Amino acid sequence: MSSLARRRKFTTRSLTGCRTCRARHKKCDESPGACNNCVSTGRKCDGYDLARLPVKKFALASIPPATSRLGWHTTADEMRSFSYFVHCSIPSLAAFLDSPLWRRVSMQMTHVDRAAYHAASMLGAVHEDSFQNQMRLSGENLLVPRHRFAIEQASRAFSILNDRQASRDPQLREVVLLCCLLFVISDLLLGQYDSALRHLRGGLGVLKEALEREQHHLERSLIETYQRLDVEFSHFGPGKPFLFADIQPDEEVSSAEAFPLHSLRDVHQHIHQLMNIGIPFLAKCWPLSDADIQADHDNLHSQQQRILSLWCELSPQVLSFHDRFYHKLSYREQRALELYAIQCRGQIVAIKTCLFNGSIPAEFVPDYEDLMSFYDAFIARFPERPTITLDYGVLPGLYLIASHCPDYSIRLRAINALLDWPHCEAIINSNVVASLSLHSLKVELEASGQRRISCLDGQTGEELSRFIHSTLKSSQQAANWSTIRASKFLLQ
């Protein structure tokens, strides 16, 4: 076929017509409500899209099209964003820890359920836009085509779920939980923290109802992901988890010495059990004033020592497991184990220092330097850099160094490391914590009579300052975040 004939053939495709005609690659008469082309042939007209993605001059060779056949009409724009979700979002979400939630559950569900498919297309569009924007939290902007498209995809997912409320479909609860999770991730990429918290609370409400039933048959990895997010939002929400708030060290956490680590799964479980206790404790302690700490010192110190003792029991066990099994693990498993080691060290330093309001004593500098060296070694060993993940990764430790280390040169190393790897780990965005850390550093330097930071150029500093102000003003609850209160950042 000649190129001229090929161009003539393609001119019959509808670029602005109804969804049904575009999916069938037919010319649409674009009649209001429902097109005559569909009605006259007895087909259901799926209506018109309110937003379209920008036309690409060149196809992204690294993102192959999603080739699986679906049981419903879909448009080229939806397939393009869904392909981004499949080939970019899922590999990133599963990069640190290969959870079955992403490579199996979400893949299966988005290929058979329309609501999940539209939610995935929404996330694909937002993720692609965030990636091109260096993971800066831009907020929802109706002038951005991908944002308009994502809003419409979210509306379609909501509409389908609402229509199925009375359904007895046994899979509906998992579909709702996955869709809520995709909405949360999309909100976090945009910096819509209030909306993300609402969607998370909605999903946790569904999960709570399911867990109260004797037979809920929910995917374990889905429950673990919700628990992790619920705990992490302690820093950004009310100060404690919504559903998983009653975990106490003496009741729920077993000593690693009593139950030795025989598998990577054992390491995973113990790390996450302690993180689920340590993170809410840090969220409670970081914003406290000296007076608050003194008023409740005995209780806080007792909790601190109990949690710290658990970490100090677990850490040598993790190192022993590393020595015995590291050479037997796959590349991905080795990376996960190295992350667990960083998280152990980071949590120990964080718990040790969380009751110091203000300057951390210089005696802790070696702890921070050791943690920074572990991060440098990790990046050298594993250079892949995912852009979004819901797993605990390197950001908590880097933020701890960048915001608390008494040695300013080490803090600047951590801030530059945050800027060199723009990404999100659940609620933690590298750009946000880099901006907060730089602000705290400037405040401390000015208080001591030093006004210049030679390791960051002035343009970068000003850009980060504007970014953090615009980001935090979009959230009504930002002033109550533990990280904001701890950094003494004033919202004007």
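Helices (H or I, at least four residues) and strands (E, at least two) are taken here as DSSP runs, numbered from the N terminus. The model is predicted, so local features need pLDDT of at least 70 and side-chain atom pairs count only at pLDDT 80 or more, whereas totals for chains, interfaces and linings use all residues. Residues are numbered from 1 along each chain as its sequence is written, and side-chain values use heavy atoms, with hydrogens and water left out.

**The whole chain**

Begin with the protein coloured by secondary structure, which comprises 21 helices and 3 strands. Of its 492 residues, 53% count as buried; buried means under 20% relative accessible area, exposed over 50%, and partly exposed in between (1.4 Å probe, protein chains only). Contact means heavy atoms within 4.5 Å. Among contacts in the protein with a separation of 6 or more, 73% join residues 24 or more positions apart.

**Residues 17-45**

Next, select residues 17-45, where UniProt, in an unreviewed entry, places the feature "domain: Zn(2)-C6 fungal-type". UniProt positions are given in the numbering used here, feature names are shortened, and annotations may be inferred rather than shown by experiment. This stretch is 34% helix and 0% strand, and its end C-alpha atoms are 11 Å apart.

**Helix α4**

Move to residues 76-93, helix α4, and display F82 and F85, which stand 3 residues apart in this helix and are therefore separated by about one helical turn. An α-helix has 3.6 residues a turn, so residues three or four places apart point the same way.

The structure holds 9 aromatic pairs. F82 and F85 form one that is stacked, at 6.2 Å centre to centre and with 25 degrees between the planes. By definition, rings of Phe, Tyr and Trp (its six-membered ring) pair if their centres lie within 6.5 Å; planes under 30 degrees apart count as stacked, over 60 as edge-to-face and the rest as tilted. Both F82 and F85 are buried.

The expected span of a helix is 1.5 Å times one less than its number of residues. Because 13 of its 18 residues are buried, α4 is largely enclosed by the rest of the structure.

**Helices α7 and α8**

Select F158 and F183. Their ring centres are 4.7 Å apart and their planes are at 20 degrees, so this pair is stacked. F158 lies in helix α7 (residues 145-163) and F183 in helix α8 (residues 172-190), so the pair ties together parts that are 25 residues apart in sequence. F158 is partly exposed, with 35% relative accessibility, whereas F183, with 4%, is buried.

**The nonpolar cores**

A nonpolar core is a set of buried Ala, Val, Leu, Ile, Met, Phe, Trp, Tyr and Cys residues joined through side-chain atoms within 4.5 Å. In the largest such core, which has 138 residues, W102, L182, Y226, W311 and L337 touch the most other members. Helix α8 supplies the largest share of this core, 14 residues. Apart from it lies another core, of 6 residues, including C18, C21, C28 and C38.

Centre the view on L337. Leaving aside neighbours within four places in sequence, L337 is in contact with L264, V267, V318, F321, H322, Y326 and L329.

Then display helix α14 (residues 297-325), whose 29 residues reach 41 Å from first C-alpha to last, close to the 42 Å expected at 1.5 Å a residue. Among the buried residues of α14 are W311, V318 and F321.

Select Q134, in the loop between α6 (114-132) and α7. Phi of Q134 is near 60 degrees, a positive value in a residue other than glycine, and Q134 is partly exposed at 47% relative accessibility.

A426 sits in the loop between β2 (424-425) and β3 (428-429). Phi of A426 is likewise positive, near 55 degrees, in a residue other than glycine; A426 is buried, with a relative accessible area of 5%.

Finish with Y193, in helix α9 (residues 193-211), which is buried at 4% relative accessibility. Y193 and I427 are 8.2 Å apart in space, C-alpha to C-alpha, and 234 residues apart in sequence.
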